[in-house]
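Subject: Structure for your review

Dear colleague,

Please find below the structure that I am handing over to you. My findings follow directly after it.

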Amino acid sequence: MNPTDTEVTPWSPTATWVVRGLGMAAAVAVAATVWLGLWVTPPDQAQHNLVRLVYVHPPIAWVALYLAFGVAAASSVLWLWPRTRSRFWDRLAVSAVEVGTVFTALTLITGSIWGRPTWGVWWAWDARLTSTALLLVLLLGYLAVRRVPADPDSRARRSAVVALVAAVDVPIVHFSVDWWHTLHQGATVLNANLSPTIHGSMAWTLLLGFVAFTLLFAWMLAIRYRIEVLSERLLDSELDVALHERWAEGTGPVAGEPGGALASTGRRA
Amino acid sequence: MWRDTVLVAGKDLRIELRSRVVMHQVVPVGVLVLVLFAFALGPDRAPMAKAAPGLFWVAVLFASVLAVQRSFAVEASDGARDGLRLSGLDPAGVFLGKSAAVAVQLVVLEVVLTAGVVVLYGSHIRSYGSIIVAGLAGTAGLAAAGTLYGALAAGLRVRETLLPFLFLPVAAPVLLAGTRAWQVALGTAGNVGNVGSAGSAGDPWVRLLLVFAAVYLALGVVIFGPLQEAS
């Protein structure tokens, strides 16, 4: 029994094509980055083939730390602002946080893979690593709040507040960890990584990497948004089904027992 | 707003004075954490004295989770939360009042823990002014951020597990800055370089604690109204 005939695409056909185009552009750009990064660009003098991580790690970090977090914080504020409040901002915020969590985790993982051969350790208590790890925990906290069952409005309100509180914390975390680190140890290790002079093809590949991962983020954001809309619809339709079943249960015994109808109305009231 | 602040803070503190839950349960847990750290670090006093500032702030952080939970558990029964919401009190006042009550309880806890650090770990306090300033600034920040998250988690079935997960990472800067400020005050810092004169507002760590407190107090005043409606 399906009371509402749910449409699978929540978008207009134009928007569907735009998202599809975005996905294809992202796929092409990522493929081109892989090809340029692995085969065309030369290995680095100091880091040899390890330098190829430069086409992946900084773009992912850019997406995670600025793009995703910026979108999430901005849309949370726009949701909380009564004049611009709409479900759109709530869905966009959760999509950005979820995609951003993946990218933040990838930032840490790719950084760790890079750190092991260059610094000799998987993890260093470097300022940037520490603040990125804290950011990941904050994002996971947002997702945890999101999973708590509640009605959509108070869930949106609650998660918008969490996003805002976390967003306010980010600069403070950044400064405190920065000072903590600089007071703790002498020089920062991250300086040695990017040589100031970068080969022509390497610079272009790096730039392409930024474009590719930004496109990928936009596409994933759109897809995640669609999932959010669809899951909301699924929840609604499931609720309708459950309601109809209850009603069917209540009206069932009416024919047989005289007290059935009364009992069921009593239950419903 | 200020009148409401005093009202709510007075109510929470009166409940605490009559029930003594924080005094008799949360404060002992804080001391217990100090003892457990001593077990973890071994009977040798040197590493304990060196780690004392950090251990103190970790104990305060854990205890503040409990204090915040208690502060909202008070509202959980008899529809007290709805009563507070319908009372017509300014939400900003409710926020500041609850934060103030938590802060007062945390200050008591910190006094006990400071004595504990001195007695158990053999730390020497070099500059009283500096630990008091850092302690008060850190407490204000913890109470404000904790009250925000406490209100957020209140009324949820998963609040006991959700609150520490949300609150502790946000409070991480307090742990960092408080520890550094105390290291200077207890003289366990080693070479901290030019961090300004300890204890004055010129100390960057104390300034960070003050900024943290100011940011979360301001955010709470703005955001507590919508937050109260959510649950």
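In this predicted model, helix α2 (residues 21-41) of chain B and α3(B) cross at roughly 150 degrees, and their axes come within 9 Å of each other. Because the angle is over 145 degrees, α2(B) is roughly antiparallel to α3(B). The crossing of α2(B) past α3(B) is right-handed. On the α2(B) side, the residues that meet α3(B) include Val21(B), Val29(B), Leu34(B), Phe37(B) and Leu41(B). Among their counterparts in α3(B) are Pro47(B), Met48(B), Leu55(B), Phe62(B) and Arg70(B). By type, the residues of this contact of α2(B) with α3(B) comprise 18 nonpolar, one polar and one charged.

Helix α3 (residues 45-73) of chain B also packs with α8(B), at an angle of about 140 degrees and with the axes 8 Å apart. That angle makes α3(B) oblique to α8(B). The crossing of α3(B) and α8(B) is right-handed. From α3(B), the contact is made by Ala52(B), Pro53(B), Gly54(B), Phe56(B), Trp57(B), Val58(B) and Leu61(B). From α8(B), the residues involved are Leu175(B), Gly178(B), Thr179(B), Trp182(B), Gln183(B) and Leu186(B). Nine of the residues in the contact of α3(B) with α8(B) are nonpolar and four are polar, while no charged residue takes part.

I turn next to the contact between the two chains. Chain B contributes 28 residues to this contact and chain A contributes 26 residues. On the side of chain B that touches chain A, the elements giving two or more residues are α6 (128-153), α7 (159-170), α8 (172-186) and α9 (204-230) of chain B. Of these, α9(B) provides the largest share, 11 residues. The side of chain B that touches chain A divides into 24 nonpolar residues, two polar and two charged.

As for chain A, there are seven helices and zero strands. Of the 269 residues in chain A, buried residues make up 32%. Among contacts in chain A between residues at least 6 apart in sequence, 79% join residues at least 24 apart.

Which residues have the most contacts inside the largest nonpolar core? They are Ala68(A), Ala93(A), Ala163(A) and Leu209(B), in a core of 130 residues. Not counting residues up to four places away in sequence, Ala93(A) touches Ala72(A), Ser75(A), Ser76(A), Trp79(A), Ser159(A), Ala160(A) and Ala163(A).

Leu216(A) lies in helix α6 (residues 200-251) of chain A. Is Leu216(A) buried or exposed? Leu216(A) counts as buried because 23 C-beta neighbours lie inside 10 Å, and the cut-off for a buried residue is 20 or more. Leaving aside neighbours within four places in sequence, Leu216(A) is in contact with Ala26(A) and Val30(A). Leu216(A) and Gly100(A) are 116 residues apart in sequence, and their C-alpha atoms are 12 Å apart in space.

Yours sincerely,

A colleague

Conventions. Residues numbered from 1 in each chain as written. Chains lettered and ligands numbered in written order. Predicted model: local features only at pLDDT ≥ 70, side-chain atom pairs only at ≥ 80, totals over all residues. Contact = placed C-beta atoms within 7 Å. Helix = DSSP H or I, 4+ residues; strand = E, 2+ residues; numbered from the N terminus. Nonpolar A, V, L, I, M, F, W, Y, C, P; charged D, E, K, R; others polar. Axes fitted to C-alpha atoms, helices over the stretch in contact; angles between N-to-C directions. Parallel < 35°, antiparallel > 145°, perpendicular 65-115°, else oblique. Left-handed = near helix turned anticlockwise from the far one by under 90°. Core = buried A, V, L, I, M, F, W, Y, C linked by C-beta atoms within 7 Å. Buried ≥ 20, exposed ≤ 12 C-beta atoms within 10 Å, placed from the backbone.
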